[in-house]
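Please work through each task before reading its solution.

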Amino acid sequence: MKLPSLRDVATEARLLLIGIPVFLWTMIPIYHMFLFAISPKEDAFSGKLWPDHPTLHNFEIVFKQQHYFLRDFYVQFWNSTLIAAAVGALTLFIATAAAFSISRLKVPGGRMVLNLALFTYFIPAAFLAVPMYRTMGNYGLLNNHWALILAMVTIASPYAIWVLKQASDKLPVELDEAAVMDGATTLQIFRLVYLPLMMPSLVAIGTYAVLLAWNEYLYAFLLLSNDQEITLPVALGNFLAADDSPWELLMTTGFIYALPPAAVYYAFRRYMVGGLTAGAVKS
Amino acid sequence: MAITLSGDQSIPASPLSPRLTPAQAWGIALLAPYLLVFLAFVVYPVCYGLWLARAPSNYVALYNDPIFARAAVNTLIFLVIGINIKMLIALFLSGFFAVQRTWIKWLSVIFILPWAVPSIPTILSVRFMLNPEWGMINHLIFSLTGDDGPNWLNDPTVALTMAIGVHIWKSLPFWTLILITGRLAIAQDLFEAAEVDGASWWQKFRFITWPSMQTLYITCTLLSMIWTLGDFNSVYLLTGGGPADLTHVLSTLGIRYLRLDQLSLAMASIVCAMPFVLPLVYFMMKRLSR
């Protein structure tokens, strides 16, 4: 084995000088959350970097709903799941149909719809929240899961249409032509030719919409308020209402809540990175 | 003009013809769901909101509200200082992550976490870390120096800086990722040639990396500005706009007025941001739909 030269060692040291702070910067808030989750209350508040008596007791309290703030934990977890799944499915349906229509059928006015969608994509979400809150009230949807589902679909669709349109444009037109020659109807082309070819992009967009809805806080807290209807992030926000917030339970619940998106993200990472970079900025 | 399935000229149809081809009919039907969503949840709310904010008295009230002026200044600080720091770090780190090492590859997998996990538990985690009595940071300061650390979220300047830090923590991975793709698109033989000529790292950056990434970098910065305007979580979850409503930005201010049942003021505060947002949006749309 060749000994590393002095220059190699210096390069490696310089890289570590960047890598170590980057690692610490990334992990400290996440580690701090995990630390609280495995600490008994006394240890959590003592500022130790590792608890004297690590325990899973906090998880037990959360899973057995043994605290006032956790009464509806399972209901709220279910609400989050249901809403994320509905947003994923609806966004996929709406965006795939629109992208197919604009890119493959070249429907008149398609270009304009795409521009409208792009415009919506660029409206800062917190700005749209104000009028949308009032509108949901006018529609009589406040405190109804549909309010949050439709709001999130509105926010997720523009980006979804944009990415799927870009991906559609890359499919060769000859495929459609061949299918038409064989006497396929438009719907058959959509189902048998288009959808299978678009699968990787559909996975990326579905994941994107599900994560967006699962992680959403602002719209969820504006549109839902009843303990039985709220999603997990809103429930977490409500923990802060008390003067004596049970922070170790808040962090434990937060940790449980953060696991599914992290897992989903890593499972579909390959699709996500390709889809996102294609859509966010055309380089 | 022939509107056909695939650019094939064999199925002629005039756009003025009262009869649509089946493909066109399907095209309209498939576009309809999005149009409905757009009309019901974008057009109607925006028009309704503008109508609510139409009275000039709203703008006078905003002008006289010191919290609004403060929020506008905070938003500018966020955009001008926060985003430039974030994008410069992202540009720097994109170079670091482009280095071929196994451990850097693993680090890049971990580095994505802040962006992949939800805001609320992580930002609340930071909030507790900054707690003057119980937080980890002041415990650390006390054990190192024997002095009490600062009350991080009690001074508006420090609290706003922390909120910018949280924003950077959350969104840095995304922009780094985008800039890495930009960097990897640069032809490697340019660097090899420069290496042979004995160019320093700065010369390589100045004459190869920056010229090829400049457009991407500027686009990213502008897009990041638009999205940062909509970033409610970093400020709201960390400071709640406090102390004394001095750390609000326009996005949390709008929600604050909304919570106080002053919807027209909430809308008016957003309308005030439009002269700034719309040129950005216009530029981004032009750039993306070329």
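**Exercise 1. Confidence**

The mean pLDDT (the predictor's confidence in each residue, from 0 to 100) of chain A is 88, and 95% of its residues reach 70 or more. This is a predicted model, in which local features need pLDDT of at least 70 and side-chain atom pairs count only at pLDDT 80 or more, whereas totals for chains, interfaces and linings use all residues. Residues are numbered from 1 along each chain as its sequence is written, chains are lettered from A and ligands numbered from 1 in the order in which they are written, and side-chain values use heavy atoms, with hydrogens and water left out.

Task: state which elements of chain A and chain B have the lowest and the highest mean pLDDT.

Solution. Step 1: elements are DSSP runs numbered from the N terminus, namely helices (H or I, at least four residues) and strands (E, at least two). Step 2: in chain A, the lowest mean pLDDT, 67, belongs to helix H13 (residues 269–280), and the highest, 96, to helix H4 (residues 73–104). Step 3: chain B averages 88, with 93% of the residues scoring at least 70. Where pLDDT is low, the predicted coordinates should not be read in detail. Step 5: the model as a whole scores ipTM 0.89 and pTM 0.90.

**Exercise 2. Two helices of chain B**

Task: describe how helix H10 (residues 201–229) and helix H13 (residues 263–288) of chain B pack.

Solution. Step 1: axes are lines fitted to C-alpha atoms, for helices over the stretch in contact, and angles run from 0 to 180 degrees between N-to-C directions. The axes of H10(B) and H13(B) lie 10 Å apart, at an angle of about 135 degrees. Step 2: H10(B) is therefore oblique to H13(B), given that angles under 35 degrees count as roughly parallel, over 145 as roughly antiparallel, 65 to 115 as roughly perpendicular and the rest as oblique. Step 3: residues of H10(B), including B:Leu222 and B:Ile226, meet residues of H13(B), including B:Phe276 and B:Met284. Step 4: this contact has 11 nonpolar, two polar and one charged residues; Ala, Val, Leu, Ile, Met, Phe, Trp, Tyr, Cys and Pro count as nonpolar, Asp, Glu, Lys and Arg as charged, and the others, Gly among them, as polar.

**Exercise 3. Two helix pairs of chain A**

Task: classify the pairs H5(A) with H7(A) and H8(A) with H9(A).

Solution. Step 1: the axes of helix H5 (residues 110–122) and helix H7 (residues 145–169) of chain A come within 8 Å and cross at roughly 130 degrees, so H5(A) and H7(A) are oblique to each other. Step 2: their contact involves, among others, A:Leu114 and A:Tyr121 of H5(A) and A:Tyr159 and A:Trp162 of H7(A). By class, it has eight nonpolar, two polar and two charged residues. Step 3: helix H8 (residues 173–181) and helix H9 (residues 186–215) of chain A have axes that come within 11 Å and cross at roughly 155 degrees, which makes H8(A) roughly antiparallel to H9(A). Step 4: A:Leu175, A:Asp176, A:Ala179 and A:Val180 in H8(A) meet A:Ile189, A:Val193 and A:Leu197 in H9(A). This contact has six nonpolar, no polar and one charged residues.

**Exercise 4. Backbone geometry**

Task: locate the cis peptide bond at B:Pro243 and the positive phi of A:Gln65.

Solution. Step 1: the cis bond joins B:Gly242 and B:Pro243, with omega about -5 degrees. B:Pro243 is in the loop between helix H11 (233–238) and helix H12 (250–259) of chain B. Step 2: A:Gln65, a residue other than glycine, has phi near 55 degrees. A:Gln65 is in the loop between helix H3 (57–63) and H4 of chain A.

Definitions and conventions. Contact means heavy atoms within 4.5 Å.
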